[in-house]
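Student: Could you take me through this structure step by step? I would like to begin with how its strands pair.

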Amino acid sequence: MKKLPDENLSELHVLKQHLKKVIEEHGHAIIRLKESEEKFRTIADYTYNWEYWLGLKGEILYNSPSSEGLTGFSAEEFVSNPDLLLSIIHPDDLNHFRNHRKSPCYTSNTVSHLEFRIITKDGALRWVAHSCQAVYNAQSQFLGRRASNRNITTQKCIEEQINLSEERLRLALDASSDGVWDRNLVTNEDYYGDNWHHVLGYTAQEVKNDSLSWEKLLHPDDKPRILATFQQHLNGLSNRYEAEFRMRNKTGEWQWFLSRGKVVERSETGTPLRFIGTHTDITKNKKVELELQNMQNILEKKVAERTNEIQEVNVALKVLLKKMEKNKIELEQKITNNISKLIDPYLEKLQNLNLKTQHRILVDMLAANLHELTTSFTPAVSSEMDKLTPTEIQVANLVRHGKTTKDIARLMNLAPGTISIHRKSIRKKLGISQHKINLQAYLSSTP
């Protein structure tokens, strides 16, 4: 064998060393790759959701063991039978799932979502939330589709119960009112109960075809006020929504409604999401209210007219009273003048005659009473004297003019003892029986 030159031996040694290093690095890379694959498989195999990877031809490249917990079928059964996945999908949802696979977005890099039902190995029905996304390599080559299926059966059952409860609530509200409405404030979609359009004379088909919403049927004069009230509640400025307004019925007439509602769902930030309520036909009530208002207006008008008449009568009465007062003064003056001219001269002549004591007392009394009549034209006794009997008033009047008990008894043709009894009764009724007050002085001081 020919011996290689030293320089060739040196190069060969370097190559051997380099090859050894490459082999070592490749071995480390293989080990790291195996470790990475092991980690990936561990993560994928122990996920709670059912994970799988479909190849370019629809074959299952990977299926997580979690599929058995959801479907009852093992991962090996899905891998060995690619058609198993389609076979367990509920017949009513199968076309929906196939259309999903045929969709252009199926090969795009966007995430797609789908909900469908499956029939498990033991025949149970379960709901699945499906999410999938296309898989590409580093060279942007399509490698298939990665999917994740989650069991949402419990959630669907809860949703079904909620929907059932809501439907019962709607039916109850619709039966107890003239219409129930439910508005999704996010999508702006409305639900109206049967009574909502029946009470206006429309059919459900007419409402749907003509898009007869509440806003379209609302009276133009009521619209600004009602929409402002509506918005105030949405903004949280009122505990509930309540308003009265008119809506156009099928015949073109206006019907009055009382509407009550409330925001029943808000977002975490407080944004209203759902608004539900009822409305009640109050057209008859409004007609009665209008009639009552018209009656009230008529009554108020009549009262105003009557008030004006009374005021006019009052003015006339004031004029009349003023005239009567004038006439009274003139009459009093006339009486005074007549007494002075026609009676006083004769009284003076009688007083100058030589009369008996009894007759003189009578003349003096007549003169005194005429004097009081002409000076004040007021009752001879005060309000306190109203408590006295007519006989007591006569006795009191004689006492006031200084007549003694004997004089009074003689004038009234009564016994002095009777006059004394009357005097005591007068003192008692005037409230001076317990006081040392002269009766004549008290009566003289009384107006």
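Tutor: Strand β1 (residues 50-54) pairs with strand β5 (residues 142-151) in the antiparallel sense, over five bridges. Two strands pair if DSSP finds at least two bridges between them. Helices (H or I, at least four residues) and strands (E, at least two) are DSSP runs, numbered from the N terminus. This is a predicted model, in which local features need pLDDT of at least 70 and side-chain atom pairs count only at pLDDT 80 or more, while totals for chains, interfaces and linings use all residues. Residues are numbered from 1 along each chain as its sequence is written, and side-chain values use heavy atoms, with hydrogens and water left out.

Student: What is the bridge partner of Trp-50 in β5?

Tutor: The partner of Trp-50 is Asn-149.

Student: And in what order do the strands of the sheet come?

Tutor: The open sheet has five strands in the order β2-β1-β5-β4-β3, with antiparallel pairing. At its edges are β2 (60-63) and β3 (112-119), each of which pairs on one side only. Neighbouring strands are turned by 25° against each other on average, direction ignored. For such angles, axes are lines fitted to C-alpha atoms, for helices over the stretch in contact, and the angles run from 0 to 180 degrees between N-to-C directions.

Student: Which helix packs on the sheet?

Tutor: Helix α5 (residues 91-102) does, touching β1, β3 and β4 (125-136). The direction of α5 makes about 150° with that of β3. Contact means heavy atoms within 4.5 Å.

Student: New topic: is Thr-153 buried or exposed?

Tutor: Thr-153, which is found in helix α6 (residues 153-176), has a relative accessible area of 17% and therefore counts as buried. Buried means under 20% relative accessible area, exposed over 50%, and partly exposed in between (1.4 Å probe, protein chains only).

Student: Which residues does Thr-153 touch?

Tutor: Not counting residues up to four places away in sequence, Thr-153 touches Leu-125, Arg-126 and Trp-127. A polar atom of the Thr-153 side chain lies 2.9 Å from the backbone nitrogen of Trp-127. The side chain of Thr-153 also makes a polar contact with the side chain of Asn-151, at 2.7 Å. A polar contact is a pair of N or O atoms within 3.5 Å; within protein, one must be able to donate a hydrogen and the other to accept it, and residues adjacent in sequence count only if both atoms are side-chain atoms.

Student: How many residues are in the largest nonpolar core?

Tutor: That core has 20 residues, and Trp-214, Tyr-241, Phe-245 and Met-247 touch the most other members. Its largest share, four residues, comes from β8. A nonpolar core is a set of buried Ala, Val, Leu, Ile, Met, Phe, Trp, Tyr and Cys residues joined through side-chain atoms within 4.5 Å.

Student: How many aromatic pairs are there?

Tutor: The structure holds 13. One of them joins Trp-214 and Phe-245 edge-to-face, with 5.9 Å centre to centre and 65° between the planes. This pair links distant parts of the chain, since Trp-214 is in helix α9 and Phe-245 in strand β8, 31 residues apart. Rings of Phe, Tyr and Trp (its six-membered ring) pair if their centres lie within 6.5 Å; planes under 30 degrees apart count as stacked, over 60 as edge-to-face and the rest as tilted.

Student: Why does Phe-245 count as buried?

Tutor: Phe-245 counts as buried because its relative accessibility is 1%.
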